[in-house]
Each structure stands twice: as C-alpha cells, then as structure tokens.
Amino acid sequence: MKIRSPFDGPWATPEPPLDIKTGEWRFQRPVTKVGKCRQCGWCYVYCPLGCVEVKETHFSANLDYCKGCGLCAKICPANAIRLSREGEE
Ligand code: SF4
Ligand code: SF4
C-alpha cells in the first residue's frame, strides 16, 4: 500500500489522493511556547492525527494536517501549548 501522506491517519486510503491537507478544516491552532516545552513527547503520543513533529528544541504540530482539536494543549504537562483562533496571533 502506497501512502503519500507523511502522517498515516484515518483519512488515509489505499487509493490516491491521499495527501489531504486536513489543516484547512481547523478553526483554532496549537502554538507551542518553545521555551516551556520539556520535550516529554506527550503531545506526540496523544495527537489523534499523529501530526506532531519533533523539532530540535521542542515539539510542534504540522499545521498542514493539524485539525485543531486541542488535545495536545489539554494534556501538555508543562502548559507549553496554547490554542489560538485562526486569523489571530
Ligand atoms: S506535551 Fe508539552 S512539554 Fe511535552 S513535548 Fe509536547 S509541548 Fe512539549
Ligand atoms: S490540536 Fe489536535 S490535531 Fe492538532 S496537533 Fe494538537 S492534538 Fe494533534
């Protein structure tokens, strides 16, 4: 099975097109406060889409795919993720 999406999620099907930018469905986005991230990886594990990426100094969502469910912000033990409405800073 060929998966073109970098994130294998429930939207992935065996036939193309697979690369659906689910981030367009979002009305709020998770913003990582880089200095507060302890790199525990909970957001990575709990994100239902598996779209949290590991950066050099922190973890953050790939906004091409993040649907803005807010789960990562809810479970982050360091309170390092805030939700921002789309179109606002
Ligand atoms: S859950 Fe919070 S502290 Fe842990 S890696 Fe994710 S953003 Fe960083
Ligand atoms: S808001 Fe939801 S979909 Fe987006 S990174 Fe966090 S847990 Fe994943």
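Where does N62 lie, in terms of the helices and strands on either side?

Tutor: This is a predicted model, in which local features need pLDDT of at least 70 and side-chain atom pairs count only at pLDDT 80 or more, while totals for chains, interfaces and linings use all residues. Residues are numbered from 1 along each chain as its sequence is written, chains are lettered from A and ligands numbered from 1 in the order in which they are written, and side-chain values use heavy atoms, with hydrogens and water left out.

N62 sits in the loop that joins β3 (59-61) to α2 (71-75). Helices (H or I, at least four residues) and strands (E, at least two) are DSSP runs, numbered from the N terminus. N62 counts as buried because its relative accessibility is 14%; buried means under 20% relative accessible area, exposed over 50%, and partly exposed in between (1.4 Å probe, protein chains only). The N62 side chain comes to 2.9 Å from the backbone nitrogen of D64. That is a polar contact, a pair of N or O atoms within 3.5 Å; within protein, one must be able to donate a hydrogen and the other to accept it, and residues adjacent in sequence count only if both atoms are side-chain atoms.

I75 is buried because its relative accessibility is 18%. Leaving out residues up to four places away in sequence, I75 is in contact (heavy atoms within 4.5 Å) with W42, C43 and Y46. I75 and Y46 are 29 residues apart along the chain, and their C-alpha atoms are separated by 8.0 Å.

Another loop, between β1 (28-32) and α1 (42-46), holds Q39. Q39 is partly exposed because its relative accessibility is 40%. With residues up to four places away in sequence not counted, Q39 touches K55, E56, T57, H58 and F59. A polar atom of the Q39 side chain lies 3.4 Å from the backbone oxygen of E56. The C-alpha atoms of Q39 and H58 are separated by 5.6 Å, although these residues are 19 apart along the chain.

Q39 is also one of the residues around ligand 1, together with C37, R38, C40, G41, W42, C43, F59, C76, P77, A78 and I81; such a residue has a heavy atom within 4 Å of the ligand. This shell divides into nine nonpolar, two polar and one charged residues. Here Ala, Val, Leu, Ile, Met, Phe, Trp, Tyr, Cys and Pro count as nonpolar, Asp, Glu, Lys and Arg as charged, and the others, Gly among them, as polar. C37 is buried because its relative accessibility is 19%.

Ligand 2 is surrounded by 14 residues, the closest being C47, C66, C69, G70 and C72. By class, its shell has eleven nonpolar, two polar and one charged residues. C47 is buried because its relative accessible area is 14%. The count of disulfides, meaning pairs of cysteine sulfur atoms within 2.5 Å, is zero.

As for the whole, the protein has two helices and four strands, which run β-α-β-β-α-β from the N terminus on. Of its 89 residues, 40% are buried. Among contacts with a separation of 6 or more, 60% join residues 24 or more positions apart.
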